[in-house]
Amino acid sequence: MSDAHAAIERIYREEYGRVVASLVRRFGDIDIAEEAAGEALLVAMEKWPQDGVPPNPGGWLTTTAGNRAIDRIRRESHRDAKHQAALMISDDTPHEPTGPVEDDRLRLIFTCCHPALAPEARVALTLRLLGGLTVPEIAQAFLVPETTMAQRITRAKKKIKGAHIPYRVPEADDLTARLPGVLAVIYLVFNEGYLASSGEAAIREDLTAEAIRLGRILHALLPDEPEVTGLLALMLLTEARRTTRVAGGELVTLLEQDRGGWDRALIAEGHELVRSCLARAAHTGRRPGQYQLLAAINAVHTDAPSAADTQWDQIAALYDQLYAVAPSPVVALNRAVAVAELDGPEVALAQVDRLPLSGYHAWHATRADLLRRLGRSGEARAAYDAAIAATDNPAERAYLARRRGSLAPTEPG
Amino acid sequence: MSQYLLSVIHNAEDMAAMDAMTPEELQTVFAAVDTFNERLQREGAWVFAGGLQTHEATTTVDNTGAETVVTDGPFAETKEYLGGFWIIEAPDLDAALRWAAEGSKACANRVEVRPFQEEPGA
């Protein structure tokens, strides 16, 4: 019985975004859509264990939820005339998309990621409405109290309603301006899961899986947007290395990872997407954006049979391109890592030392490694200490502590 | 259709910047705002608009108690105050934000967009 219910919960979460998006389009109200979807789940819990799961569970849930919503609106006579009117004119079209851009989830994700909403609210709403995560799950994933997260989501929904933020995919002119906001939300969800500093591991893995799922949906809906493809490729190529990233509670750097443990299927899929981006960029002459470039960098790394085979000249060239579109000291820091392989640690250290990143643990860790390679043990030790102090991630601290411990003893003086 | 308040909020820096403007520069801003207003009217988005005198001209009236109390100046001392506003009609926030972007460019100031409460039964 509980197994059956767990299976239904899984289907429900899988279909939640589709169901809610369709109901939001139909009733023009997020709260009505969520309540109705919740009621449909209760009905499913009652019926499916006996009747079996219907062949199109998403369609079944949407229809059931739609009927429940209509019942509720009829019952509550105090609902304003607008809802009644919406009810009268609404059609009962099936939720299957008729064309890619018609998909209700695409409308809803642009609503959730609207620039008029606070960035943290965009992430939370996207996970709630499209990912089907519960408020407690989202609160736990972002390490904030449940009441805070509930308020954040309620406030955002109230603004959508009160300010009339539309359920609409922006038109071509605005799409270019609005798409980066959506991609940023998805990538943030992914990183929140991938770079987990603490918290429940299971929930965190859920976040990366959810981000990839949203990335796949967006890619299916907007196949001609190269940055959408780039983001999906980037996430797949990063996810492919997940299991080798930590060993024995200690962080394993990219160059030390067991490449045999990388997920070859994800890498193949990611490489294919990167190739299609490159082909498109060559064809259109449009400069690749940051997600495509980050994906390409990851493709070069995952292409090398061993760390020693890494094409560092390609990596450095890609970071140059990335710096041209997204000039940030973090990009310059990552570029310097490639420079260390090409031109030696001394050249790289000079570049790293110029970067204003003294609050960033990776800056200290990079310096520490370069100083270690230059045999400057005393300075390396101080840099490792600074790096350890600047991170809360236990696996990273363990790694840094071991590297510090392996330094040659400092000459007395 | 919903109504939105587009307010032009001035702080001390904005005031200083406006004071520093030459008459010609001010004339350019006025002309840009006029053009914007005409567009609002032509496209049916216009409800009302106006520029306000400076906050020194404010009088506060409080008739919530036993007697009517009239005092010079705004009720609360603030560093920012309303310089002018538009009330527009727009189908949704995206449309209102597009108008606000144009209005901001025209009046050379930031613009706050705020929806009106729905009238009951609207």
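1. To start with a definition: rings of Phe, Tyr and Trp (its six-membered ring) pair if their centres lie within 6.5 Å, with planes under 30 degrees apart counted as stacked, over 60 as edge-to-face and the rest as tilted. By that rule, ring pairs join A:Tyr187, A:Phe190, A:Tyr194 and A:Tyr291 into a cluster. Over all chains, the structure holds 8 aromatic pairs.

2. A word on the ground rules. This is a predicted model, in which local features need pLDDT of at least 70 and side-chain atom pairs count only at pLDDT 80 or more, while totals for chains, interfaces and linings use all residues. Residues are numbered from 1 along each chain as its sequence is written, chains are lettered from A and ligands numbered from 1 in the order in which they are written, and side-chain values use heavy atoms, with hydrogens and water left out.

3. A:Thr238 belongs to helix α11 (residues 226-239) of chain A; helices (H or I, at least four residues) and strands (E, at least two) are DSSP runs, numbered from the N terminus. With 10% relative accessibility, A:Thr238 is buried (buried means under 20% relative accessible area, exposed over 50%, partly exposed in between, with a 1.4 Å probe and protein chains only).

4. B:Phe48 is partly exposed at 46%, whereas B:Phe85 is buried at 17%.

5. On to charges: there are 33 salt bridges over all chains (a side-chain nitrogen of Lys or Arg within 4 Å of a carboxyl oxygen of Asp or Glu). One of them joins A:Glu34 to A:Lys157, with the closest N and O atoms 2.4 Å apart. A:Glu34 sits in helix α2 (residues 30-51) and A:Lys157 in helix α8 (residues 146-162) of chain A, so the pair ties together parts 123 residues apart in sequence. Both residues are buried.

6. Which residues form a bridge at 2.9 Å, N to O? They are A:Arg168 and B:Asp92. A:Arg168 lies in the loop between α8 and α9 (172-194) of chain A and B:Asp92 in the loop between β5 (81-90) and α3 (93-107) of chain B, so the pair joins two chains. A:Arg168 is partly exposed at 31%, while B:Asp92 is buried at 7%.

7. Within helix α10 (residues 201-221) of chain A, A:Glu210 and A:Arg213 are 3 residues apart, about one turn of the helix, and their side chains form a salt bridge (3.2 Å, N to O). A:Glu210 is buried at 6% relative accessibility, as is A:Arg213 at 18%.

8. Lastly, do look at the network of salt bridges that links A:Glu256, A:Glu341, A:Asp369, A:Arg372, A:Arg373 and A:Arg403.
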